[in-house]
Amino acid sequence: MQSELLSKLSSPRQLRGMTHEQLVQLAGELREALCEVVSRRPAHFASNLGVVELAIALHVAFDFSRDRLIWDTGHQIYPHKLLTGRFNEFISIREKGGLMGYPNPAESDYDLFMTGHAGASVSTSLGLKAGDDLLGEDRHSIAVIGDGALPSGVVFEAFNNAAGLDKDLLVILNDNKMGICPRVGGLAQYLDKFRTSDFYGGLKKDVSWVLNRVPLVGDAMERALFNAKEGVKASLHGGMLFEELGFRYVGPIDGHDLKSLREHLELCKTLKGPVLLHVFTEKGHGFQPAENDPVTYHAPAPFDRCEDGSVTPRKGGGKPAYTDIMSAAILRQMESNPKVAVLTAAMCEGNKLQKVRDTFPDRFFDVGICEGHAVAFAGGMAKAGARPIVDIYSTFLQRSFDHIFQEVALQNLPVVFCLDRGGVVGADGPTHHGAYDNTYMRVFPNMVVTAPGDELDVAPLLDFALSHSGPVSIRYPKTNAERVPRDLAPVELGKAEVLDWGRDGVIVAYGTLLATCAKVVESLRNEGLDVGLINARFLKPLDTRTILKAVGQSPFVITIEEGTLEGGFGSAVLEAVNAAGLRTDHVRRLGLPDRYIEHAERGEQLRDLGLDYEGIRAAVLEAAQRGPTSGSAIRTAAGTPVGAQAR
Ligand SMILES: Cc1ncc(C[n+]2csc(CCOP(=O)(O)OP(=O)(O)O)c2C)c(N)n1
């Protein structure tokens, strides 16, 4: 990557020696670096383009080798990474072994928390401030939070606490009118007013006038006057909400005007107590196609750049993903049942629900980045007699754990959870894997926990879920859909689908790794090893009869799941076997280990975890060799020792 200033930047401290013109040039170079990388591989883009000037101004105004900076969510951290000595590795971002697409303390001391979930920045910044104060450390603490994340309940918990503690905390509201999709809800309407009135232009002039007269390291009286005036303006024009919450409101200001940003940050540095600086930015700023279509360019597919500034997206495979299959099934259910409603927590695009939204706007609810609320809201809808589907990524549903318990499972209400991204997700890495839902869903009485074995299972499972009288969850991964050719058995509560019994051993697959298992079984059968295959479909209630039969009659049983082994499907099998008084030493579990899985391509992750074709095959051969009791070899159905087939 070409760059004059950026490539020489080894520390953000160097920024302070740069002229305004150089900083403007640097902003251009940062955008160029972003374009270069994002044109090559899918990565977060428009949000990063929007915070280029803010990132520069922050690193000029503060010293984050001491001061504290938390970027909410963390997907807009790229300029920060480039400014903190990571330019040379930047080309590797989101690749296996390369930089992470989110903050990562293992990469740099300038990244304080590994994050990827929205909404916690104000809490952690406040905690950092409280911790620093406790230890006598004089450090500034700053959270940058988007208007999309702002409505998350936890943000208001932090505001409430910050005002009560009266800590010196700076919250920068990065207001670009967007989450991934346009923002929604009452707060969105409130923030919209700031843009539509004359007030923004008028106030900008007003603030500049005042700023020009208030020395930055200034006279206490003048500053007090300034603060009083700011307070009055906030009450008159806007910012009232934040003022009422106990924050001093400053802004709104133009987030692409470096001078204004620097002046206001210097000012905020001197203010006492919690301060909210309201910054207007444009998502995709400085790259025309992203400015025109910030939704697509939130995290676009790779593209080629043309001379005239336009772009040509590189064509992908175009195969439907499980998300497509599920959203099509949801649409069909909505067509036939007027009680079915769909809830998303600001992920209409990710969950491919655009058609649902456009066809049934009255039954489509985007509640914003508020997963806990979404679940409690669904509980209310179900109680009223509707059939709500909560369509959320597995990892983000973690936010709702207590509401799944109290507002849904405890009441035995018929809410359907569609858990997208159940399993490893590839380049987003540890914060985004759907690793834990098998475990956290199965602990609740009343909850029915399911996963399709392939794309053919998706619609029947949804059909089953919507006719069941209690809560049901259905999880599926972030990958292209696959089919396992068979005579599809109808879906019945707690019933597995036996594809084949097999005499030499059995694989019990929970979820869509079934397709890989089917290939393994076929190849081994060609080599004379008769391994059976069961599509579990249900984790809860578990098909104990079928599973115990497999365990009782097979030399080995291997359970396979794309979720953590801690308390997951394999654990449920072991519990059932143990409860039945059967031996468990010939039951082997494959799944996600008890560690965080680094970013890489999904295929690479599955391979490293031994959950790809080769890994599963090797595990089956090993189990076959080990035999029913340790040390004793088994013979295949054909009578030959299994080792003879192993390659
Ligand atoms: C808890 C949680 N839910 C959903 C998401 C998915 N997500 C990632 S970025 C984003 C939009 C964030 O909007 P905003 O906070 O305004 O930041 P911007 O991208 O506009 O800078 C969403 C919904 C997430 N990261 N975390």
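Helices (H or I, at least four residues) and strands (E, at least two) are DSSP runs here, numbered from the N terminus. Residue numbers start from 1 along each chain as its sequence is written. What you have open is a predicted model: local features need pLDDT of at least 70, side-chain atom pairs count only at pLDDT 80 or more, and totals for chains, interfaces and linings use all residues.

**Whole chain**

Colour by secondary structure to begin with: the chain comes to 24 helices and 19 strands. Of its 647 residues, 51% count as buried. Buried is 20 or more other C-beta atoms within 10 Å of a residue's own, exposed is 12 or fewer, and partly exposed is in between, with C-beta atoms placed from the backbone. A contact is two such C-beta atoms within 7 Å. Among contacts between residues at least 6 apart in sequence, 76% join residues at least 24 apart.

**Stop 1: the loop at Ala346**

Select Ala346, in the loop between strand S8 (340–344) and helix H14 (354–359). Its phi is near 65°, a positive value in a residue other than glycine. Most residues other than glycine have a negative phi, and most peptide bonds are trans. Is Ala346 buried or exposed? Ala346 is buried, with 27 other C-beta atoms within 10 Å.

**Stop 2: strands S1, S2 and S3**

Jump to S2 (141–146) and show S1 (68–71) and S3 (170–175) with it. Four bridges join S1 to S2, and the two run parallel; five bridges join S2 to S3, again parallel. Follow the chain from S2 through H6 to S3 and you trace a right-handed β-α-β crossover. Right-handed means that, with the strands pointing away from you, the path from the first strand over the helix to the second runs clockwise.

With six of its six residues buried, S2 is largely enclosed by the rest of the structure. On S1, Arg68 and Ile70 point one way and Leu69 and Trp71 the other, and all of these are buried.

**Stop 3: helix H5**

Select 121–134. H5 has 14 residues and reaches 20 Å from its first C-alpha to its last, close to the 20 Å expected at 1.5 Å a residue. (The expected span is 1.5 Å times one less than the number of residues.) Its buried residues are Ser121, Val122, Ser125, Leu126, Leu128 and Lys129. They cover an arc of only 155° around the axis, which puts them on the same side of H5; the arc is that of the directions from the helix axis to the C-beta atoms. What do they pack against? The answer is S1, S2, helix H6 (153–165) and S3. Just after H5, Gly136 takes a positive phi of about 70°.

**Stop 4: helix H15**

Next, select 371–383. These 13 residues should span 18 Å at 1.5 Å a residue, and the end C-alpha atoms are 19 Å apart, which agrees. Buried here are Glu371, Gly372, Ala374, Val375, Ala378, Gly379 and Ala382. Their arc is only 165° around the axis, which puts them on the same side of H15. Their cover includes H6, S8, strand S10 (387–393), helix H16 (394–397) and helix H17 (401–409). H15 is followed by Gly385, whose phi is positive, near 110°.

**Stop 5: the core around Cys517**

A nonpolar core is a set of buried Ala, Val, Leu, Ile, Met, Phe, Trp, Tyr and Cys residues joined through C-beta atoms within 7 Å. The largest one has 178 residues, of which Ile507, Cys517 and Val620 touch the most other members. Helix H1 (residues 20–40) gives the most to this core, with nine residues. Centre on Cys517: leaving out residues up to four places away in sequence, it touches Ile507, Ala509, Leu533, Ile560 and Ile616.

**Stop 6**

Select Arg537, in the loop between strand S16 (531–535) and S17. Arg537 has a positive phi of about 60° although it is not a glycine, and with 27 C-beta neighbours inside 10 Å it counts as buried. Slide along to Lys540 and Pro541, whose peptide bond is cis, with omega near -5°. Pro541 lies in the loop between strand S17 (538–540) and helix H21 (544–553). Finish at Gly251 and Pro252, where the peptide bond is cis with omega near 0°; Pro252 is found in strand S4 (residues 248–254).

Definitions and conventions: Two strands pair if DSSP finds at least two bridges between them.
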